[in-house]
Amino acid sequence: MPSWPNSNETSDDDDEYMSEFSSMQMEYFQTPDNVIDPSFCLLVTESDRRCILHRQRAGKFVAFEGTDTARRFIGCATKDGVNCGVMEWVDAPWPVILQRCLSKLWDMYHEQNLGRAQDNEAHGIEVAKLQKGLDSLANQYGQLVDDVSKLFDYEDGIKSHDMDCTSQAINELKEKKKQLEEQGKIELQMEKLKLKKEQRCILQSQADIIQNTRKAMKELEVEKDLLKDQNKKIENVVAEILKVGHGCKEKLDKIKKVVMEE
């Protein structure tokens, strides 16, 4: 629990924070997922605004979650423990069409990540199988060495030729074990490289979502400007008709009605 100042030492700003804190009904929300934007980050320095629970200076964030992706907001900068959540949205909610696009993009992103997670799980199972096979080979090799040692003890008087053959067999077994171990290490390294590649793909997907979002926002602004120019042109035409005196009042009323609906 946060430690609040004594009532005798509480300033007017403290009273305001206490009033806001009591109205929260003890419901706290975590700050949305966010990304680092060099143009909007770190702590708020333009004002002395502080979060309600921790009385710490608020931070600047850019959301990276759901339909609020790329929206800037002021929120609690505390990373550990209870978080006060969003204190103020700097950007207004996106248009409904853009929100639908963002929702579709995130659905596609999560579906793609699910497939990658399943592939990673399958790779992990294969790696576990390889490791189990290596352990089994090591046990077999140890047992074989023990058997050969017993054979040496039992046949101490065997001819040198037979000893050479046995020694050669042991060397071959050692060489085979070494090859299997090297093969297992190579396969483990390959699996690690695949996992790193998947992580790079995820980071690239996040960057593509941000870029597509900003592009869609610019296109919406251009369409709004075009609609404003068309409305101005229609108003100018109506004004010219009124000046010249052509057309009946009923037609002009209809044209105005169409302009207002646009």
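Analyst: Two strands count as paired if DSSP finds at least two bridges between them. Helices (H or I, at least four residues) and strands (E, at least two) are DSSP runs, numbered from the N terminus. The model is predicted, so local features need pLDDT of at least 70 and side-chain atom pairs count only at pLDDT 80 or more, while totals for chains, interfaces and linings use all residues. Residues are numbered from 1 along each chain as its sequence is written, and side-chain values use heavy atoms, with hydrogens and water left out.

The protein has 4 helices and 4 strands, and from the N terminus on its elements follow the order α-β-β-β-β-α-α-α. Strand β2, residues 59-63, pairs with strand β3, residues 72-75, in the antiparallel sense, and 4 bridges link them. Within this pairing, Phe-61 has Phe-73 in β3 as its bridge partner. Strand β3 is also joined to strand β4, residues 86-89, by 3 bridges, and these two strands run antiparallel. There, Gly-75 stands opposite Val-86 in β4.

Buried means under 20% relative accessible area, exposed means over 50%, and partly exposed lies in between (1.4 Å probe, protein chains only). Lys-197, placed in helix α3, is exposed because its relative accessible area is 51%. Helix α3 covers residues 160-244 and also holds Ile-186.
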